[in-house]
Every structure is written in C-alpha cells, then in structure tokens.
Amino acid sequence: EDTALEIDKLSLFYDDTRALSEISMRVPKCKVTAFIGPSGCGKSTLLRCINRMNDLVDGCRVEGEVLLNGKNIYDNDVNVPSLRRQVGMVFQRPNPFPKSIYENVIYGLRLQGIKDPRVLDDAAERSLQAAALWDEVKDRLNDNAFGLSGGQQQRLVIARAIAIEPKVLLLDEPTSALDPISTLTIEELINELKHKYTVVIVTHNMQQAARVSDQTAFINLGRLVEYADTDTLFTTP
Ligand code: ADP
Ligand code: ADP
C-alpha cells in the first residue's frame, strides 16, 4: 500500500465558521504533496488537521476522518503525543530552542528517555547529515542554535523533526521567512527527504510547488478544487 494518509470528508469549523468543507484526498507515501491556494483558504488549517494541532484552538470542531496507516487519528483512543511523534511539523519561522545545536537535534530523543551518548551522537550526526547541515555545524555542535543563520536554523529544526524518525513531515511555508539562497537549499533538501519520508508542504508560491512537489492540491475557500500530479498541472500541453 502506497498511501500514507487518507483524508475522508474532512470538515473543520472555528465556532460556527466553516474553514474546511468535506475534503477527501489520499497522500502518497514517500512523495512530496503541496497544498497551495490564496491566503486564508485553509491550507494551514488542513495541514494542522494531520497532527491534531487544531485541537489546541478553542471552539474548533472537526468532522470526517484522517487515516494514518488505516487508523483514524480522531478516534477517541488515539494518543496525541504519540501521533505527533509520527507526524513531525516545521513552521514558517525557524523555532530552535535556546539550547546548543546538539541539544536541539536530540531534543525528541531525550524526551523519549534515551541517555546512551553513543546513540544520541549517532542520531545527531545522522539527522544533521539528512538535513544537509552536518558539514556546517560539526565543529560547533555545542554553540547556541541562535548563532546560526535563518536558513541554517530551519535546517536544524528539520533535523530535530527527523531525529525521532516520523512517518510524515509537515512543512508550513518553511521558506517564506528565508532569503532566496536559503530557500533553494531547503527546496533541494525537500527533494532528498522524500526518499525516506512522506512530506506535505504548505506554500503560497506556485513556482515552489512546481519545484518541490510530486502532487499538488489546490485549496480555495476551504474546498479541494484540484488535486493531481504536479507535472500534469504545471506543464502546458
Ligand atoms: P491559509 O493557511 O490558507 O492562509 P488558514 O488555514 O490559516 O488559511 O485559515 C483559514 C480560515 O480559517 C481563515 O478564514 C482564517 O481566518 C480562519 N482561521 C484560522 N485559524 C483560526 C482560528 N484559530 N480561529 C478562528 N479562525 C481561524
Ligand atoms: P500564519 O500565516 O503564520 O498562519 P496567521 O496570521 O494566519 O499566520 O495566523 C497566526 C495564528 O492565528 C495561527 O495560529 C492561526 O491559527 C490564528 N488565526 C488565524 N486567523 C485567525 C482568526 N480569524 N481568528 C483567530 N485566530 C486566527
């Protein structure tokens, strides 16, 4: 089975306002799926449904299902912290913790109670390699993460997300706070990540969707208006 996520008739309300309307789609494994559409159309809201971030919002109500490996993440018996370990999230603004580069990367492993320094060191190196940051930071792992550039901080946050080996990686406009060179670096990285992870990216930038995604979902007014292979959508016949 090559479906990572199945979204089935998903609707979302903020109090009485409907933000998403009966969205149904399959997100394939080990591909990059882009959510694009105008500001306020519901892209971030839809992304946040995949790791139940919306549960934090007062007055938010969800109908329908999001199946992760066949299991509805909105079922009563779902453990939300364990869901979030399977579905990592990266935000628009890089948000490293005020700690060393090393401690940022292994943060999730420490939370899991892992103490063996060899295990932690290996995970740190592997994750930083995977996030294309190792060469730049290997000699300064104990420096504070805030000393890194914005683009490096975003790669550090990606390393932190993948250190705990999630199944799905959610990226919410991950480059819109970055300069053009850092943006290209992150886009190249996204193209690498999909070999191992299912990636879902929110972007308002069509060119970015064309550059990084395999599938593109167009959202408008809370509805899925088009969902197809990116190549098909962006190639003029
Ligand atoms: P996008 O990511 O496409 O810009 P959002 O998902 O952020 O859109 O927002 C979709 C709609 O839901 C907008 O009308 C927005 O104002 C509304 N919305 C988003 N977050 C909340 C919230 N916490 N409470 C109430 N309304 C919200
Ligand atoms: P971003 O583009 O980074 O999502 P926003 O300004 O759209 O930033 O939203 C910032 C926060 O405010 C988000 O957590 C979002 O859910 C919330 N939000 C957005 N629109 C509304 C709204 N109409 N009412 C209440 N909260 C909102």
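## Close-up views of a predicted model

**View 1. The loop residue E165.** E165 lies in the loop between α7 and β7. In this predicted model, E165 has a positive phi of about 50 degrees although it is not a glycine. Most residues other than glycine have a negative phi. With a relative accessibility of 44%, E165 counts as partly exposed.

**View 2. The strand residue E22.** A positive phi also occurs in E22, a residue other than glycine, where the angle is near 40 degrees. E22 belongs to strand β2, which covers residues 17-28, and at 53% relative accessibility it counts as exposed, the cut-off for that class being over 50%.

**View 3. S11 and its contacts.** S11 sits in strand β1, made up of residues 3-14, and is buried, its relative accessible area being 2%. The side chains of S11 and R18 are joined by a polar contact of 3.3 Å.

**View 4. C60 in strand β4.** C60 is found in strand β4, which runs over residues 60-68, and at 21% relative accessibility it counts as partly exposed, since buried means under 20%. Although C60 and L12 are 48 residues apart along the chain, their C-alpha atoms are separated by 7.1 Å. When residues up to four places away in sequence are not counted, C60 touches L12, F13, Y14 and N54.

View 5. A polar side-chain atom of Y14 lies 3.4 Å from a nitrogen atom of ligand 1. Backbone atoms approach oxygen atoms of the ligand: a backbone N or O atom of G40 lies 2.7 Å from an oxygen atom of ligand 1, and a backbone N or O atom of K43 lies 2.9 Å from an oxygen atom of ligand 1. Taken alone, ligand 1 exposes 560 Å², of which the protein buries 56%.

View 6. Helix α8, residues 180-193, has 14 residues and reaches 20 Å from its first C-alpha to its last, close to the 20 Å expected at 1.5 Å a residue. Its buried residues are S182, T183, I186, E187, L189, I190 and L193. Seen down the axis of α8, these buried residues fall within an arc of 160 degrees, and they therefore line one face of the helix. The face turned away from this buried side carries the exposed residues P180, I181, E188 and E192.

**View 7. The cover and the start of helix α8.** What covers the buried residues of α8 includes the strands β3 (32-36), β7 (168-172) and β8 (198-202), together with the helices α5 (117-130), α7 (150-163) and α9 (206-212). Of these elements, α7 and β7 are the pair between which the loop of E165 lies, as shown in View 1. At the start of α8, a side-chain oxygen of D179 reaches to within 3.0 Å of the backbone nitrogen of I181, and I181 is one of the exposed residues on the face of α8 turned away from its buried side.

Key: Residues are numbered from 1 along each chain as its sequence is written. Chains are lettered from A and ligands numbered from 1 in the order in which they are written. This is a predicted model: local features need pLDDT of at least 70, side-chain atom pairs count only at pLDDT 80 or more; totals for chains, interfaces and linings use all residues. Side-chain values use heavy atoms; hydrogens and water are left out. Helices (H or I, at least four residues) and strands (E, at least two) are DSSP runs, numbered from the N terminus. The expected span of a helix is 1.5 Å times one less than its number of residues. Buried means under 20% relative accessible area, exposed over 50%, partly exposed in between (1.4 Å probe, protein chains only). The arc is that of the directions from the helix axis to the C-beta atoms. Contact means heavy atoms within 4.5 Å. A polar contact is a pair of N or O atoms within 3.5 Å; within protein, one must be able to donate a hydrogen and the other to accept it, and residues adjacent in sequence count only if both atoms are side-chain atoms. Accessible areas come from the Shrake-Rupley method with a 1.4 Å probe; for residues, only the protein chains shown count as cover.
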